[in-house]
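Open the model in your viewer and get ready to click along. We will go from stop to stop, selecting a few residues each time.

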Amino acid sequence: MLLWSGMAPPGIAQVLSVDPAPSLERAVQDGFGQAVAVSGDLALVGEGGSLVTEGVVLVYRRDAAGAWTEVQQLTAPDAGRGDGFGQAVALDGDVAVIGAPTRDDGAGKAYVFEVDADSDQFVAVATLQAEQAAPGDGFGSAVAVSGGAVLVGAPQARGTGAAYAFRRTADGSWTAEGRLHQNGLADGDFFGWSVALDGDWAFVGAQFRQGTGTVEVFRYDGQDTWIADDTLVGSTAEDGARFGFAVALDGDVAVVGAPTQASF
């Protein structure tokens, strides 16, 4: 696992190696590094486990000298073998969201952790699930967090795929805002394969939609509703490009991956 440190001199990229904790017995199939996230001086490294092991997420903290040290290991409060906990991770400040898409016969769950002010450790505060969840939905295959909002993808739900929004209320609890709706989705679009969230904007990848793949853009109206705003397509995307396989969002800049685009 590699982390880049911005503390190096200008023009030099410093790459740091982060190894799994020696206290954990690991096998290749456990998937250390399957998902990663970073925010400030904290980094998450997901290890989704295998069919016979529980997933775990390792928390690393950067010290004043720039060294990254493991400080905590996160597991699901209701951990079980083959839960896939850690196959997707997201981090924003003191809030972490961990997906477990193979939990409950693949219906999936996601878990919210927040840093406790007294212990300075992450503690589990909420378990998120989709309404009318069904085996194989893959809820938690993709997760995103921004401030008090969370977005969770379930790319095989309802045949078309789905994405669900949650929000932290004034009392600190997390409640469902509902499913993001986009007209014209078809079976096998894999809507919700990737998700990104920044402020009032949400991007949801549908890697097989329209043959090439699309990214659906949603805007929060401030009243618990996400409104479909736009559809992004690759200007040169070909059939099978899987545009929307991965998506990242920061302010007014979005980056979209199309890993099987044949030509450029």
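Predicted model: local features only at pLDDT ≥ 70, side-chain atom pairs only at ≥ 80, totals over all residues.

**Stop 1: the largest pocket**

Select strands S3 (32–39), S7 (88–92), S11 (142–146), S15 (191–198) and S19 (246–250); each gives at least two residues to the lining of the largest pocket. Which residues lie nearest the centre of this pocket? Colour Val36, Val89, Val143, Val195 and Val247 to see them. The volume of the largest pocket is about 970 Å³.

**Stop 2: a hairpin**

Now select residues 56–62, strand S5, together with residues 68–74, strand S6. These two strands run antiparallel and are joined by six bridges. Click on Tyr60 and look across to S6, where Glu70 stands opposite. Then move to the five residues between the strands of this hairpin and find Gly66, which takes a positive phi near 90°.

**Stop 3: salt bridges**

How many salt bridges does the structure hold? There are ten, and we will visit some of them.

Start with Glu216 and Arg209, whose side chains meet in a salt bridge at 2.6 Å, N to O. Are these two residues buried or exposed? Buried means under 20% relative accessible area. Glu216 counts as buried because its value is 0%, and Arg209 is buried too because its value is 8%.

Next, show the side chains of Arg219 and Asp229, which form a salt bridge at 3.6 Å, N to O. Arg219 lies in strand S17 (residues 214–220) and Asp229 in strand S18 (residues 226–232), so this pair ties together parts that are ten residues apart in sequence. Arg219 is partly exposed, at 32% relative accessibility, and Asp229 is also partly exposed, at 39%.

**Stop 4: a network**

For the last stop, select Asp78, Arg103, Asp104 and Lys109, which are linked in a network of salt bridges. Zoom in on Arg103 and Asp104: the closest N and O atoms of this salt bridge are 3.5 Å apart. Arg103 counts as buried, at 16% relative accessibility, whereas Asp104 counts as partly exposed, at 38%.

Notes. Residues numbered from 1 in each chain as written. Heavy atoms only, no water. 1 Å grid on protein atoms, 1.4 Å probe; cavity = no way out; pocket = protein on both sides within 12 Å on 5 of 7 lines; lining within 4 Å. Points joined across faces, edges and corners; volume = space filled by probe spheres on them. Helix = DSSP H or I, 4+ residues; strand = E, 2+ residues; numbered from the N terminus. Pairing = 2+ DSSP bridges. Salt bridge = Lys/Arg side-chain N within 4 Å of Asp/Glu carboxyl O. Buried < 20%, exposed > 50% of the residue type's maximum accessible area, 1.4 Å probe, protein only.
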